[in-house]
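Have the model open in a viewer, with the chains coloured separately. Follow the stops below in order, making each selection as it comes.

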Amino acid sequence: MDTPLFVNMEETVSIILFGIGFTMLMLHRNLIKKILGMNIMDTAVYLFLAVKGYINGRMVPIVTNQIQDASAYINPVPSGLVLTGIVVSVSTTALMLALTIRLYERYGSLDLDEILMRAKEEERT
Amino acid sequence: MSMVQNFPFFSIILAMFSGIASSVLDGKRAKHLSLCVIAVTTGMSAAVLRFCMKTGESYTYMMGHFPAPWGNEIRAGALEGLTATLFGLVMFFSVVGGMEHTAADVEGSKQNLFYIMIDLMLSSLLALIYTNDLFTAYVFVEINTIAGCGLIMIRQKGRSLSAAIRYMIMSQLGSGLFLIGLSLLYDVTGHLLMTPAKEAVAVIEAAGLYAVPMLVIMAVVSVGLAIKSGLYPFHYWIPDTYGYATPTASAILSGLVSKGYIFLLIKIFYRVLGRENVIASEIVNVLFVFGLAGMLMGSVHAILEKDTRRMIAYSSVAQIGYIYMGIGLGTQAGMVAAVFHMFTHSATKALLFISAVGLYEVSGDRKDFRSLRGAGYRNPLAGIGFTVGSLSMVGFPMLSGFISKLLFATSALQSPHKMLPTVIALAISTILNAVYFLRLVITLYSIPETSRGQAASPGKSNWKLQLSVVCFILLNLTLGLYSQPIVEWIGSGLAMFD
Amino acid sequence: MSRQRDDYEKSWWYRFRKWVDGEMDLLDEGMEIRVPDEMLAAMDGEGQDAARHPAENKEHTFSYDGRGIRYFRRFYQVMSVLLCLSIIFVLLWTVAYLPAFGNAGNPDNNEVSARYIERGLQETGAVNIVTGMILDYRAFDTFGESCVLFIASCCVLVLLRIDAADGNEQARKRLEEANDRLFEPKNDVILQKCACVLVPLILVFGIYIVLNGHLSPGGGFSGGAVLGSGLILYLNAFGFGKTERFFTEKVYRRLTLSALTFYCLAKSYSFFTGANHMESGIPLGMPGRILSSGLILPLNICVGLVVACTMYAFYALFRKGGM
């Protein structure tokens, strides 16, 4: 159990999730599942970042009892990055869902290949 | 600190603020505001360029009260100033040229939203150019992506919606890779600002630590940004996006957005990962090969295409290939050539898109390029503009495209291993370019056969489009004729990166 | 003469002319994959079924071209799976070499985080170090992030807002379709009673989170999301008629504009003074008090307003294409 992948188990998990999300976003033909994949991918990155900030046995970075020692708290930087990242991911998700709604209204399908095919057909007529 | 040094910050904030303010203005006011802002920021960027050339060095600008490793920072040098100025000019002319079409393509009550996208696009491009912080770069990459998507889908006709979703999917794949690359880099260096990150990378490299992660970081960041800028195997979203958006959006997306990502990549190579490390890691060779493939395949696709705008879009794929090939050469000269070609392409491609629209106007708005027969007589200025753009892309002397081809060829001679493939690919690609662009130009000036009854309405072209075509032609000639100082500026700007 | 003309017909120049005229394609029948018409007909005819089992349908319907597409798709999928597996593999390989988890000596626990922790309280006045970091040390990123939210809401407005004022038939039809109030149970007693209890609690909690962003976990974004969810619950219980009395698109626009403008001006001031080495002159107050830490509290309120409004706007736009 000493292999680095087990020591860094949290990172390993987040990377696998990243791969799953990436695959879904790239491969799945259903738009909703693509968006789910995108969310999984983003969340995996946030998990990765959050894990990076953690230090064994330390407190959350909120000053308590006037302790201001760097060895008392975990690293606050990744937490801030995750906060920023979440908002970005919410925005892109909302945008893609709105696009999906419009495409569904118009072509009656969530399958990207079919949508593209119908769009081509529509243009030819 | 002199006032000029504040200008990069002012231009970013001004562009953002105008976007925010446009949300309560009506379409017309939003348009005027956005034109003013683009003009002002372009002037400011020019001032920054002048300042940096005069002092001969770059400077960093603290965004807040805290110095380098703690607070956000932006940075300006000769190359940043030059790029920002050119981008501003191209954006201004594109917005002016496509104005009438924007008014026609976008719903009346949503006009102001279009100009919000333009403003925020400008601010994100400026921020990508000036940034000195990796995470700021990520945030503005996202703004850029979303604004780009907005510009595509705001014309809610034809295939623009499906093009927008494809664009979003590819961009998100790219962003995801870029973000994981940043996280890995943060993990091994502990810095997000470029300057301290570079120092940390140098320490790591010297100690021989984290060899595998560094390699993967370089690969992941390069691939992420390559996907977003549409390098060859990831190019399939390009023709739809550029072909079905409103003209201003096509010109901006092809001319500026992809270049913004490439500029960021160059900046990361120089300012974070270290050029020597990147060259040693063979990543440049991968980019080189993909660039070559893009140069050839983009042109082949363009030849097979019948819709003019999609043809121009495929030609973008080829030109992006050129730029990556220049980066892939791995020499200083190759990088200068790549940056110069970036400018050439953004000026020329925007000209092509805008003048193509001028030609469509007088030929009954059909997609097929055959309907353009004789359009060069019906709208002489747009015809000249298109011809100039085509000749520049082919590499006609005096025009900017010639200079960049020359720079590519001379820089290829300096790297012995890559000389042969580069020169051969340049030759083949030039011939292919000539084939499809000259075919278009010949079509423009062939007499229409009235018997076919397609002599189309001689509709009047608008003066704004004419004006912007003239400006673009002048910009192209300037880049071609005064290439010497510009190449020098690029060289000194790249030197400031180290 | 006639021989000459024959030659001319075969000559490259003639072919080139024809190709320029678009009458001939040198690479005819190459490259471009055309979807045969029968396939589209089959798709249209079988509608949903076709969408659900595209592969099977194609197998039945066409012989040659359909198979070509299918093989191409299969090939594409296999290649993509391989690509994704290789990405996972490469990244896992990287993880094996990364610094160990939870170790205080890792490279990312350096002077940057040390200064945030050790001097953050004095320099920003915020007890919550993360808030101090994102709204003071790295405020430019956070401003960019608010702009991401703003531009995303603009894009959703473009896509989903239905402007019947334009008066075209399509818009009106969409408006009718989008209006799903006809189908929902009106004045559901259980929902309304629960909402009566919950909505005030949720709103108060949201406001608490926003106002205490610099003292405890939370801040503008999380508090704003809570506020937004409270508004959405209220809307679901009582319908658009009630919410439109106090929250219309005009209100939304004004709130967002004023919040973002304040944010922009305040941060511009602090960036400008910071870069030019001037004192900002904003008192930081007593750390731990609610009125402390300079600009962070007003900025949190602004962000909270923007986020709450945007969340509500997203919901209303998705639901009926307007606010």
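## Stop 1: helix H2 of chain B

Select Gly56(B), which comes just after H2(B) and takes a positive phi of about 75 degrees. This is a predicted model, and these values are computed from it.

Now go back into the helix itself. H2(B) has 29 residues, and at 1.5 Å a residue it should span 42 Å; its end C-alpha atoms are 42 Å apart, so the two figures agree.

Within helix H2 (residues 27–55) of chain B, pick Met44(B). Is Met44(B) buried or exposed? Met44(B) has 24 other C-beta atoms within 10 Å, and therefore counts as buried. Leaving out residues up to four places away in sequence, Met44(B) touches Phe7(B), Phe10(B) and Ser11(B). For a sense of scale, draw a C-alpha to C-alpha distance from Met44(B) to Leu209(B): the two are 165 residues apart in sequence and 43 Å apart in space.

## Stop 2: helix H8 of chain B

Next select residues 194–207 of chain B, which form helix H8. The 14 residues of this helix should span 20 Å at 1.5 Å a residue, which agrees with the 20 Å between its end C-alpha atoms.

Show the side chains of Met194(B), Ala197(B), Lys198(B) and Val201(B), which are buried in H8(B). Look down the axis of H8(B): its buried residues fall within an arc of 100 degrees, so they line one face of the helix. Then turn to the other side of H8(B), where Val203(B), Ala206(B) and Ala207(B) are exposed.

What covers the buried residues of H8(B)? The cover includes H6, H7 and helix H11 (247–273) of chain B. Following H8(B) is Gly208(B), with a positive phi near 70 degrees.

## Stop 3: where chain B meets chain A

Show chains A and B together. The contact takes 28 residues from chain A and 21 residues from chain B. On the chain B side, helix H6 (134–153) and helix H7 (160–189) each supply at least two residues. H7(B) gives the largest share of that side, 13 residues. By class, the side of chain B that touches chain A has 13 nonpolar, 5 polar and 3 charged residues.

Centre on Leu99(A). Setting aside neighbours within four places in sequence, Leu99(A) is in contact with Met153(B), Leu161(B), Ala164(B), Ile165(B), Met168(B) and Leu159(C). The largest nonpolar core has 300 residues, and Leu99(A), Ile151(C) and Val156(C) touch the most other members. In soluble globular proteins, nonpolar side chains tend to be buried together.

## Stop 4

Bring chain B back: 53 residues of chain C are in contact with 55 residues of chain B. On the chain C side, helix H6 (64–97), helix H7 (111–124), helix H8 (129–137), helix H9 (139–160) and helix H14 (249–275) are the elements that give two or more residues. Which of them gives the most? H9(C) does, with 15 residues. The side of chain C that touches chain B divides into 31 nonpolar, 11 polar and 11 charged residues.

## Stop 5

Most residues other than glycine have a negative phi. Two residues to check here are Gln66(A), with a positive phi near 60 degrees, and Glu282(B), with a positive phi near 70 degrees.

Gln66(A) sits in the loop between H3 and helix H4 (76–107) of chain A. Gln66(A) counts as exposed because it has 8 C-beta neighbours inside 10 Å. Glu282(B) is in the loop between helix H12 (275–280) and helix H13 (283–304) of chain B. With 14 other C-beta atoms within 10 Å, Glu282(B) is partly exposed.

## Stop 4: confidence

Finally, colour by pLDDT. Chain A averages 87, and 98% of its residues score at least 70. Among the elements of chain A, helix H1 (residues 4–7) has the lowest mean pLDDT (74) and helix H3 (residues 31–53) the highest (93). Chain B averages 88, with 97% of its residues at 70 or above.

End at residues 451–456 of chain B, where pLDDT stays under 50 and the model has 7 contacts beyond four places in sequence. Where pLDDT is low, the predicted coordinates should not be read in detail.

Key. Residues are numbered from 1 along each chain as its sequence is written. Chains are lettered from A and ligands numbered from 1 in the order in which they are written. This is a predicted model: local features need pLDDT of at least 70, side-chain atom pairs count only at pLDDT 80 or more; totals for chains, interfaces and linings use all residues. Two residues are in contact if their C-beta atoms, placed from the backbone, lie within 7 Å. Helices (H or I, at least four residues) and strands (E, at least two) are DSSP runs, numbered from the N terminus. Ala, Val, Leu, Ile, Met, Phe, Trp, Tyr, Cys and Pro count as nonpolar, Asp, Glu, Lys and Arg as charged, and the others, Gly among them, as polar. A residue is buried if 20 or more other C-beta atoms lie within 10 Å of its own, exposed if 12 or fewer, and partly exposed in between; C-beta atoms are placed from the backbone. pLDDT is the predictor's confidence in each residue, from 0 to 100. The expected span of a helix is 1.5 Å times one less than its number of residues. A nonpolar core is a set of buried Ala, Val, Leu, Ile, Met, Phe, Trp, Tyr and Cys residues joined through C-beta atoms within 7 Å. The arc is that of the directions from the helix axis to the C-beta atoms.
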